[in-house]
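User: I'd like to learn how to read a model like this one. Can you walk me through the features, beginning with the sheet?

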Amino acid sequence: MSKSKAGLLQGTLDMLILKALFLGPLHGYGIGQRIAQISGDELKIEEGSLYPGLYRLERRGWVESEWDVSENNQRAKFYKLTRAGRKQLIIEEQNWERLASATMKALRAS
Amino acid sequence: MSWIKATLSFINARRHPDEVTREVETELRFHIEMRTRANIERGMKLQDAQNAALQSFGDFQRVKNSCCEIRRGLPFDSTLFKMGLHITLAVLSGLAALWAVNVPHHNLTGLMRQLIAIAVLAYLFIVVRRAKLQRRSDSEHMSDALAVPTERFRVNKSWTSDLSDASSGKITAHDELGRTPVERMFKS
């Protein structure tokens with residue numbers, strides 16, 4: 001049976017980016033790779049859509065960026081989580097858990 | 001502090017828009033290059049690897065424009081800022097109007113002050129009216145969003161049979177003999 005990848009619900013991309021950065025600073029490409037890795041390659045993300053998400057998070061002060069040299073000696077922009085971003089990730093995780101359990105409850109109702 | 005950084009970044013983006021575009025482009029090209037390398041490592045030919053990288057990235061131009069727009073945007077929610085600005089202006093206008101009407105109008109200065117008062121009151125009226133219209137349009141948007149389920153219950157002409165005015169699709173309580181549904185039930 002072919003494995004179908006799940007599309008992302010609106011608003012979850014921000015949470016996934018924050019989660020990916022929780023494990024350490026990364027450039028945009030690395031964030032995409034880490035999301036794929038931590039989701040067991042189950043989540044399908046259009047790679048370009050990561051960047052507007054990252055810019056929005058930076059504007060909100062949840063992540064910050066700086067230019068540095070990548071693993072293959074190229075100039076790349078690295079993102080890291082701020083203290084506000086860590087707090088936001090906790091909030092997002094709690095909201096997500098509440099939503100997921102409520103949805104499950106609704107689906108299991110007879 | 002992050003908001004100071006955000007404000008400085010906003011000012012910088014406004015002052016040097018070309019630099020922002022270049023930065024965004026460099027960042028996005030780095031991504032495509034990394035993906036191309038990964039594709040080559042998986043055994044693809046250079047051209048195929050590049051094409052696949054571009055395809056998995058999505059619309060490059062759209063992403064670039066979107067990123068540049070966000071970078072050049074205000075570092076905070078502009079609707080709150082605009083609302084605050086309107087409230088401040090309205091309060092100042094009100095104070096100015098109070099000051100202006102509180103003088104005798106038998107000399108030129110008094111007359112001028114009264115004209116100023118009329119102008120600021122007119123401005124206040126416009127601000128309040130605009131706010132009301134905005135609120136009304138917002139609530140219409142809300143009801144539009146909520147209207148979807150009720151759409152299903154719109155009168156369908158095929159349901160109305162003899163209880164309906166078929167030409168207008170409207171349910172009418174009386175049939176062609178002028179009887180209500182209850183009368184029809186008991187008197188038939």
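Analyst: Two strands pair if DSSP finds at least two bridges between them, and strands (E, at least two residues) and helices (H or I, at least four) are DSSP runs numbered from the N terminus. This is a predicted model, where local features need pLDDT of at least 70, side-chain atom pairs count only at pLDDT 80 or more, and totals for chains, interfaces and linings use all residues. Residues are numbered from 1 along each chain as its sequence is written, and chains are lettered from A and ligands numbered from 1 in the order in which they are written.

User: In what order do the 3 strands of the open sheet in chain A lie?

Analyst: In general, strands of a sheet pair through backbone hydrogen bonds, either parallel or antiparallel. Here the order is β1-β3-β2, with antiparallel pairing. The edges are β1 (26-27) and β2 (63-69) of chain A, each pairing on one side only. β1(A) meets β3(A) over 2 bridges, and Leu26(A) has Tyr79(A) in β3(A) as its bridge partner.

User: How do the axes of α3 of chain A and α4 of chain B cross?

Analyst: Two packed helices are described by the angle between their axes and the distance between the axes. Axes are lines fitted to C-alpha atoms, for helices over the stretch in contact, with angles from 0 to 180 degrees between N-to-C directions. For α3 (residues 50-59) of chain A and α4 (residues 60-72) of chain B, the axes come within 9 Å and cross at roughly 5 degrees. That makes α3(A) roughly parallel to α4(B) (the label covers angles under 35 degrees).

User: Which residues of α3(A) and α4(B) meet?

Analyst: Contact means C-beta atoms, placed from the backbone, within 7 Å. Tyr51(A), Pro52(A), Tyr55(A), Arg56(A) and Arg59(A) meet Val63(B), Ser66(B), Cys67(B), Ile70(B) and Arg71(B). Setting aside neighbours within four places in sequence, Tyr51(A) touches Gly28(A), Leu28(B), Val63(B) and Cys67(B).

User: And which residues have the most contacts inside the largest nonpolar core?

Analyst: Such a core is a set of buried Ala, Val, Leu, Ile, Met, Phe, Trp, Tyr and Cys residues joined through C-beta atoms within 7 Å; buried means 20 or more other C-beta atoms within 10 Å of a residue's own. The largest core has 23 residues, and those with the most contacts inside it are Ile17(A), Leu21(A), Tyr51(A), Leu54(A) and Val63(A). The largest share, 6 residues, comes from α1(A).

Definitions and conventions
Parallel < 35°, antiparallel > 145°, perpendicular 65-115°, else oblique. Contact = placed C-beta atoms within 7 Å. Buried ≥ 20, exposed ≤ 12 C-beta atoms within 10 Å, placed from the backbone.
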